[in-house]
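Work through the exercises below with the model open. Try each task before reading its solution.

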Amino acid sequence: MHPLSLYQRAMGPAYLRLAPALARFHALSGPQRLSGHVLVDAPANWLARVLALALGAPQRAAQGPISFELDARPDAEVWTRHFPAQTMQSTLRGAAGRVVEHLGAARLTFVLHETEGRLVMQLQQLHFCGIPCPAWLRPQVVAEETGVGDALHFHVQATVPGVGRVVRYQGHLMVPPDAVQAGASA
C-alpha cells in the first residue's frame, strides 16, 4: 500500500466524489510524465508581465502540446509544466486540510472543494516574497479541474486588482489508466 496522496489527505471523503480521471491523477505517486494540449494567454500588460515573471508563469500567448512532469512523494509534489514557450515549476505540500503551493516568489494556500465531480481550488492566503498579501489586493484565482474519460481538463487564471490578468491557461492532460497510484497496492 502506498500512503495516501496529498490531495486524498487534504480533501478527505470529498476526494471520492471526484471524476475518475481527476481521482486517478491526484492519486499518482512517484515520477510521472503526462501529455496533452494547452492554450496560454499573455499577461494583460507590462506590470502583469513583471508579476508573471516573478512567479515563473508564461510570458506570452501560445497554443500547442504540453508536457507535465509530476514527482509525487508523500510529503510533497513537484509539478513541472512544459508549456509551448516556457517551463513553470511549483512545489505543493499539505497543511491542515489545505494545499500550499510554492510558485516562484509566491506561496499560495488553497482550500479544495469538490463540486459535481470537479475540483475547485479556492485561494485563501497569498504571501509574496514572504509578505502576506492583504485581502483587498489578493488576486482573483480560478483553478478548476474536470475529468472526461481519461482526460483531466484544467483552467487556471489569476487576475490582480488594478493590474489585470497575470496568468491564464487551459487545456487537458491524458491520465493513463494504469499509472502508479497512492493508496493502491504496489
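Both Phe 25 and Trp 79 are buried, where buried means under 20% relative accessible area, exposed over 50% and partly exposed in between (1.4 Å probe, protein chains only). This is a predicted model: local features need pLDDT of at least 70, side-chain atom pairs count only at pLDDT 80 or more, and totals for chains, interfaces and linings use all residues. Residues are numbered from 1 along each chain as its sequence is written, and side-chain values use heavy atoms, with hydrogens and water left out.

**Exercise 1. Classify the ring pair of Phe 68 and Trp 79.**

Step 1. Take the rule. Rings of Phe, Tyr and Trp (its six-membered ring) pair if their centres lie within 6.5 Å; planes under 30 degrees apart are stacked, over 60 edge-to-face, the rest tilted.

Step 2. Apply it. The centres of Phe 68 and Trp 79 are 5.3 Å apart and the planes stand at 75°, so the pair is edge-to-face.

Step 3. Phe 68 sits in strand 2 (residues 62-72) and Trp 79 in strand 3, 11 residues apart, so the pair links distant parts of the chain. Helices (H or I, at least four residues) and strands (E, at least two) are DSSP runs, numbered from the N terminus.

Step 4. Check burial. Phe 68 has a relative accessible area of 4%; Trp 79 has 8%. Both values fall in the buried class.

**Exercise 2. Find the cluster that ring pairs form, then describe the surroundings of Phe 25.**

Step 1. Follow the pairs. They join Tyr 7, Phe 25, Phe 68 and Trp 79 into a cluster.

Step 2. List contacts (heavy atoms within 4.5 Å). Beyond neighbours within four places in sequence, Phe 25 touches Leu 34, Phe 68, Leu 70, Trp 79, Leu 152 and Val 175.

Step 3. Look at the core. A nonpolar core is a set of buried Ala, Val, Leu, Ile, Met, Phe, Trp, Tyr and Cys residues joined through side-chain atoms within 4.5 Å. The largest has 50 residues, and Tyr 7 and Phe 25 are among those with the most contacts inside it.

**Exercise 3. Which residues of helix 3 are buried, and what do they pack against?**

Step 1. Pick the buried residues of helix 3 (residues 46-55): Ala 48, Ala 52 and Leu 55.

Step 2. Find their side. They cover an arc of only 55° around the axis, which puts them on the same side of helix 3. The arc is that of the directions from the helix axis to the C-beta atoms.

Step 3. Turn to the opposite face. Exposed Trp 46 and Leu 53 lie there.

Step 4. Name the packing partners. The buried residues pack against strand 5 (98-103), strand 6 (106-115), strand 7 (118-128) and strand 11 (164-174).
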